[in-house]
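Please look over the sequence and the fold shown below, and keep both in view while reading the explanation that follows.

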Amino acid sequence: MSLLRLDGIRVMLGGQQVLDGIDLRVEAGECIGLIGPNGAGKSTLLRAALGLLRCEGASSLHGLPPVERALSAAWLPQQREIAWAVTVETLVRLGRAPHRSRGAWGPADTAAVEAAMTAADVAQFRDRTAHALSGGEQARVLLARALAQETALLLADEPVAALDPAHQIATMQTFARLAEEGRAVVTALHDIALAARWCTRLVLLSAGKVVADGPPQQVLSPERLREVYGVEALVEDRDGLMIVQPLSLATGG
């Protein structure tokens with residue numbers, strides 16, 4: 001079942017073409033990593049898919065009323081901005097706002113908020129003002145807010161960038177669990193080791209185009225990493241786990 005369909009997405013920013021005819025299908029049960037060097041178009045693609053940027057082409061999310069779109073897809077942007085001095089629990093509860101159109105706050109809302117705070121490891125901060133937390137802790141609170149929406153699709157832009165290694169892994173485990181439950185995650189990632197370990201599928205972008213799309217074992221070859229990222233990398237299988245470690249700049253890179 002497709003949870004997101006993109007057809008011919010093109011985006012121009014500042015007179016430059018940032019995305020050049022992207023087609024993408026996201027199926028239930030997938031954890032997709034959007035990878036590629038800086039400026040490849042990862043963030044732009046996520047924002048265009050949601051209708052947050054003017055673009056050519058079509059997305060299955062375009063044209064949906066705001067509430068229906070919020071019930072279909074949760075959005076975790078790269079910018080970790082918290083606008084109000086509210087408690088962590090209050091902020092996470094905002095993730096349930098789309099569901100309030102269907103009735104008053106109920107047990108399902110409470111359960112969703114508790115589960116989201118537990119998954120993001122922020123329940124212990126529930127009564128603290130979100131502004132008082134560290135950058136990484138704030139990032140986890142915003143993740144919890146997105147999880148509390150309980151949507152079939154989660155779009156996340158660099159969700160692990162501010163996190164320590166343990167919480168990076170925990171976040172990717174959460175995304176993998178959502179996929180196993182029949183939902184889908186599309187996440188932009190710079191850490192190709194995490195992408196290789198936890199994503200079921202990788203979409204590699206370069207200069208606004210898809211240059212590879214498939215399982216990590218097919219996408220992350222040493223030759224492709226050299227060509228797209230300009231790095232020499234160790235790529236190997238250890239007891240069924242894919243290990244990817246950039247080692248040095250490629251010759252002339």
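**Strands, a pocket and the cysteines**

Three strands, paired antiparallel, make up an open sheet whose order is β2-β1-β4; here strands are DSSP runs of E with at least two residues, helices are runs of H or I with at least four, both numbered from the N terminus, and two strands pair if DSSP finds at least two bridges between them. At the edges lie β2 (16–27) and β4 (56–59), each of which pairs on one side only. From one strand to the next the twist averages 10°, an angle taken between the N-to-C directions of lines fitted to C-alpha atoms, on a scale from 0 to 180 degrees. The model is a predicted one, in which local features need pLDDT of at least 70 and side-chain atom pairs count only at pLDDT 80 or more, while totals for chains, interfaces and linings use all residues. Residues are numbered from 1 along each chain as its sequence is written, and side-chain values use heavy atoms, with hydrogens and water left out.

Strand β1 (residues 2–13) is joined to β4 by three bridges, and the two run antiparallel; Asp7 stands opposite Ala58 of β4.

Elsewhere, β5 runs parallel to strand β6 (residues 153–157), with four bridges between them, and Trp75 faces Leu155 in β6. In a regular strand the side chains alternate between the two faces of the sheet. From β5, Ala73 and Trp75 point one way and Ala74 and Leu76 the other way, and all are buried, a word that means under 20% relative accessible area, with exposed being over 50% and partly exposed in between (1.4 Å probe, protein chains only).

Which element gives the largest share of the lining of the largest pocket? That element is β5, with four residues, although α2 (66–72) and α6 (135–148), like β5 (73–76), each supply at least two. In total 16 residues line this pocket, and Ala70, Ala73, Ala74, Trp75 and Gln149 lie nearest its centre. A pocket is an open set of points on a 1 Å grid over the protein atoms alone, with protein on both sides within 12 Å along at least five of seven lines, and lining residues have an atom within 4 Å of a point. The largest pocket holds about 330 Å³ of space, a volume being the space filled by probe spheres set on the points, which are joined across faces, edges and corners.

Finally, the cysteines: the whole structure contains zero disulfides, a disulfide being a pair of cysteine sulfur atoms within 2.5 Å. For Cys31, the nearest cysteine sulfur is that of Cys199, 4.2 Å away. Cys31 counts as buried because its relative accessibility is 1%, whereas Cys55, at 22%, is partly exposed.

Methods
On a 1 Å grid over the protein atoms alone, a cavity is a set of points where a 1.4 Å probe fits but cannot get out, and a pocket is an open set with protein on both sides within 12 Å along at least five of seven lines; lining residues have an atom within 4 Å of a point.
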